Structures are given as structure tokens and as C-alpha cells.
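Dear colleague,

I am passing on the structure below, and would be glad if you could read it alongside the notes that follow.

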Amino acid sequence: MLQSARGPIEGASKKMVRAYVLITATAGKALEVVQALKGQDGIIEADAITGEYDVIAQIRADDVAGIGRLIVEKVQSADGVFKTITCLAV
């Protein structure tokens, strides 16, 4: 079982790779991008944000290759996504 600073992580049987994806949306599409991403397998959370980027998504997969597949197949293919920057959690 995996441990966090607060104790065991329920249901975690192996280490997963997490990443934050900073998303630039086409004009007026940030909320639509958030709705398209929420609830998708592998996407932990998606929120509209202020600043240089329009949306931030937290994603998780078994390995780095899985992160890449999620980004290409689910994030970048969502209607309204213009550009992404991926930051792997270490």
C-alpha cells in the first residue's frame, strides 16, 4: 500500500505517474474544455484558471508512456484545446 504524508492511500496498489497539464484554450472555450475533460478515465481533476493558461488538469497513468497517451488521446483531442504544457509530478 502506498503512503502519503497523511498515511496510507486507500486503494493504491502500485505507484502511478501523475502530471499537471496546463492548457491554452481557444477564445471562449475554457469552460467547455473543463467539462469535456472532467470524468474521463485518467483525468483526476480539471479546472478553469486565471493567468497565462486557461485550464489546468491533473492526470494519472501507470507510466510516462500512459501519460503521453492520455495527453494525445483525451486532452489534446478535446474540442477547444489549442496548446498544452505537461509537468510531471516528481
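How many helices and how many strands are there in the protein chain? There are two helices and six strands, and from the N terminus on these elements run β-β-β-α-β-β-α-β. Please bear in mind throughout that this is a predicted model. Buried residues make up 32% of the 90 residues in the chain, and the accessible surface comes to about 5,800 Å², of which 52% belongs to carbon and sulfur atoms. Among the contacts between residues at least 6 apart in sequence, 60% join residues at least 24 apart.

I turn next to the strands. Strand β3 pairs in the antiparallel sense with β5 (residues 55-61) over seven bridges, and β3 also pairs with β6 in the antiparallel sense, again over seven bridges. On the β5 side, Tyr 20 has Gln 58 as its bridge partner, while Leu 22 stands opposite Ile 56. On the β6 side, the bridge partner of Thr 24 is Lys 83. Strand β5 in turn pairs with β4 in the antiparallel sense over five bridges, with Val 55 of β5 as the bridge partner of Ala 48. The hairpin of β4 and β5 has six residues between the strands, and in this hairpin Gly 51 takes a positive phi near 110°. Five of the seven residues of β5 are buried, so this strand is largely enclosed by the rest of the structure.

Thr 24, which lies in strand β3, deserves a separate word. At a relative accessibility of 18%, Thr 24 counts as buried, because the cut-off for that class is under 20%. Leaving aside neighbours within four places in sequence, Thr 24 is in contact with Tyr 53, Asp 54, Gly 80, Val 81, Phe 82 and Lys 83; Lys 83 is also the bridge partner of Thr 24 in β6.

The largest nonpolar core has 20 residues, and those that touch the most other members are Val 21, Ile 23, Val 33, Leu 37 and Ile 59. The elements β3, α1, β4, β5 and α2 each supply at least two residues of this core. If residues up to four places away in sequence are not counted, Ile 23 touches Val 33, Leu 37, Tyr 53, Asp 54, Val 55, Ala 57, Val 75, Val 81, Lys 83 and Thr 84.

Which residues are buried in α2? They are Gly 66, Ile 67, Leu 70, Ile 71 and Val 75. Seen down the axis of α2, these buried residues fall within an arc of 140°, so they line one face of the helix. As a general point, an α-helix has 3.6 residues a turn, so residues three or four places apart point the same way. The buried residues of α2 pack against β3, α1, β4 (43-48), β5 and β6, whereas the face of α2 turned away from its buried side carries the exposed residues Val 72 and Glu 73.

Finally, the charged pairs: the structure holds three salt bridges. Lys 29 takes part in a salt bridge with Glu 32, where the closest N and O atoms are 3.3 Å apart, and Lys 29 also forms a salt bridge with Asp 79, the closest N and O atoms there being 4.0 Å apart. This second pair links distant parts of the chain, with Lys 29 in the loop between β3 (17-25) and α1 (30-37) and Asp 79 in the loop between α2 (64-75) and β6 (81-88), 50 residues apart. As for accessibility, Lys 29 is partly exposed, with a relative accessible area of 25%, Glu 32 is partly exposed at 43%, and Asp 79 is exposed at 55%. The remaining salt bridge joins Lys 38 and Glu 45, whose closest N and O atoms are 3.6 Å apart; Lys 38 counts as partly exposed at 38% relative accessibility, as does Glu 45 at 35%. Through salt bridges that share partners, Lys 29, Glu 32 and Asp 79 are joined into one network.

With kind regards

Key
Residues numbered from 1 in each chain as written. Predicted model: local features only at pLDDT ≥ 70, side-chain atom pairs only at ≥ 80, totals over all residues. Heavy atoms only, no water. Salt bridge = Lys/Arg side-chain N within 4 Å of Asp/Glu carboxyl O. Buried < 20%, exposed > 50% of the residue type's maximum accessible area, 1.4 Å probe, protein only. Helix = DSSP H or I, 4+ residues; strand = E, 2+ residues; numbered from the N terminus. Contact = heavy atoms within 4.5 Å. Pairing = 2+ DSSP bridges. Areas by Shrake-Rupley, 256 points an atom, 1.4 Å probe, with all protein chains shown as cover. Arc of directions from axis to C-beta. Core = buried A, V, L, I, M, F, W, Y, C linked by side-chain atoms within 4.5 Å.
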